[in-house]
Amino acid sequence: MAGRAMIAGLLHTVPALAPTFDALVADAVPGAHREHVVDAWMLETAIAGGVTPAVSERVASHLRHLAESGADAILVTCSSIGEAAEAVADSLPIPVIRVDAAMAAQATRLARESDSAHIVVLATNTGTLGPTTRLIEREAAAQGVAAVVTASVVEGAAAARAAGDQATHDRLIAEAVREAAVPSDGDKAAVLVLAQASMAGAAESAGVAIPVLTSPAGGVARLAEALTPSDPGTSAASANRLATPGSGGTSTVAEAPTR
């Protein structure tokens, strides 16, 4: 009998990130089938007015769809909707992973090991600051670390990306990283956290001495751990579908709700 492929569900709010995560998951879990749901409306709404009940319901609906479609674990790649995903995760029979969870744990460990307990969070939209900051504070409390978390938005970066100017987006983030790494008030940070997966590419050009954490690699690593197959001969094994020949990513682009 042919082997069964694990199925990774991925929920995105930034369409351009779907291919990036598709490649990362393909590398981390060879042979896995990737099923993507992309819904840009959720992030647009969260930026405009926060994670509203309508956004939370959309998150829940997408997660249920992925679970019912046979996913063995789901990675939520948008930090802004992470809390909404957590709210429904316990009602699903499979793991639901926040993309920034591993990053928050690593930031807390670095703060504990540093002579500074200061963690700086940078984001490109205000909708991400609260969820990421609260996640890090919760992780710090769990690890017993008296961390001080400060957060700010990189002004102009989101507008540049929306206008298709990726170079300016990345430059503004790199400049903000360098400024945060050597603050004018001398309050040295132990670690810098880039709250959104879309900021990861800009981190490489910053060239600072302190750690700069981004979420995609850690999030995919946790997804890979969740997808580690159990013995297919046991009843505890996940109920997987057979992979189609050459299977890779399957995407579903969600329509915005009717207003």
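Visitor: Which residues does Arg98 touch, not counting residues up to four places away in sequence?

Guide: This is a predicted model. In it, Arg98 touches Leu75, Val76, Ser79, Gly82, Glu83, Glu86, Pro131 and Leu135, with residues up to four places away in sequence left out of the list.

Visitor: Is Arg98 buried or exposed?

Guide: Arg98 has a relative accessibility of 6%. The cut-off for buried is under 20%, so Arg98 counts as buried.

Visitor: Which side chain is joined to that of Arg98 by a polar contact?

Guide: The partner is Glu86, and the polar contact between the two side chains is 3.3 Å. Glu86 is also among the residues that Arg98 touches.

Visitor: And in which strand does Arg98 lie?

Guide: Arg98 belongs to strand S4, which covers residues 96-98.

Visitor: Let us step back. How many helices and strands are there in the chain?

Guide: The chain has 10 helices and 9 strands. Of its 259 residues, 49% are buried.

Visitor: What share of the contacts with a separation of 6 or more comes from residues 24 or more positions apart?

Guide: Such pairs account for 72% of those contacts.

Visitor: Now to helix packing. How do the axes of H5 and H10 cross?

Guide: The axes of helix H5 (residues 101-113) and helix H10 (residues 216-226) come within 7 Å and cross at roughly 115 degrees. Angles of 65 to 115 degrees count as roughly perpendicular, and H5 and H10 are therefore roughly perpendicular to each other. Their crossing is right-handed.

Visitor: Which residues meet there?

Guide: From H5 come Ala101, Ala102 and Ala105, and from H10 come Gly218, Gly219 and Arg222. By class, the residues of this contact are 3 nonpolar, 2 polar and 1 charged.

Visitor: What about H5 and H6: at what angle do their axes cross?

Guide: The axes of H5 and helix H6 (residues 126-143) cross at roughly 55 degrees and come within 9 Å. That makes H5 oblique to H6. The crossing of these two helices is right-handed.

Visitor: Which residues of H5 and H6 meet?

Guide: On the H5 side they are Ala101, Ala104, Ala105, Thr108, Arg109 and Arg112, and on the H6 side Leu135, Ile136, Glu139, Ala140 and Gln143. This contact has 6 nonpolar, 2 polar and 3 charged residues.

Visitor: H10 has come up already. How does H1 pass it?

Guide: H1 passes H10 in a right-handed crossing. The axes of helix H1 (residues 18-28) and H10 come within 10 Å and cross at roughly 45 degrees. That makes H1 oblique to H10.

Visitor: Which residues form that contact, the one where H1 and H10 meet?

Guide: Phe21, Leu24, Val25 and Ala28 in H1 meet Pro216, Val220, Leu223 and Ala224 in H10. The contact has 8 nonpolar residues, with no polar and no charged ones.

Visitor: A change of topic: what are the buried residues of H2?

Guide: In helix H2 (residues 40-49) the buried residues are Trp41, Met42, Leu43, Thr45 and Ala46. They pack against strand S1 (7-12), helix H3 (53-68) and H6.

Visitor: What is found at the start of H2, and what just after it?

Guide: At the start, a side-chain oxygen of Asp39 reaches to within 3.1 Å of the backbone nitrogen of Trp41. Just after H2, Gly50 has a positive phi of about 85 degrees.

Visitor: Finally, some loops. Where is Asp115 found?

Guide: Asp115 is in the loop between H5 and strand S5 (118-123). Its relative accessibility is 72%, and Asp115 therefore counts as exposed. The C-alpha atoms of Asp115 and Ala189 are separated by 9.3 Å, although these residues are 74 apart along the chain.

Visitor: And where is the place of Ala209?

Guide: Ala209 sits in the loop between helix H9 (200-203) and strand S8 (212-213). Ala209 is exposed, with a relative accessible area of 84%.

Conventions
Residues numbered from 1 in each chain as written. Predicted model: local features only at pLDDT ≥ 70, side-chain atom pairs only at ≥ 80, totals over all residues. Heavy atoms only, no water. Axes fitted to C-alpha atoms, helices over the stretch in contact; angles between N-to-C directions. Helix = DSSP H or I, 4+ residues; strand = E, 2+ residues; numbered from the N terminus. Parallel < 35°, antiparallel > 145°, perpendicular 65-115°, else oblique. Left-handed = near helix turned anticlockwise from the far one by under 90°. Contact = heavy atoms within 4.5 Å. Nonpolar A, V, L, I, M, F, W, Y, C, P; charged D, E, K, R; others polar. Buried < 20%, exposed > 50% of the residue type's maximum accessible area, 1.4 Å probe, protein only. Polar contact = N/O pair within 3.5 Å; in protein donor to acceptor, adjacent residues only side chain to side chain.
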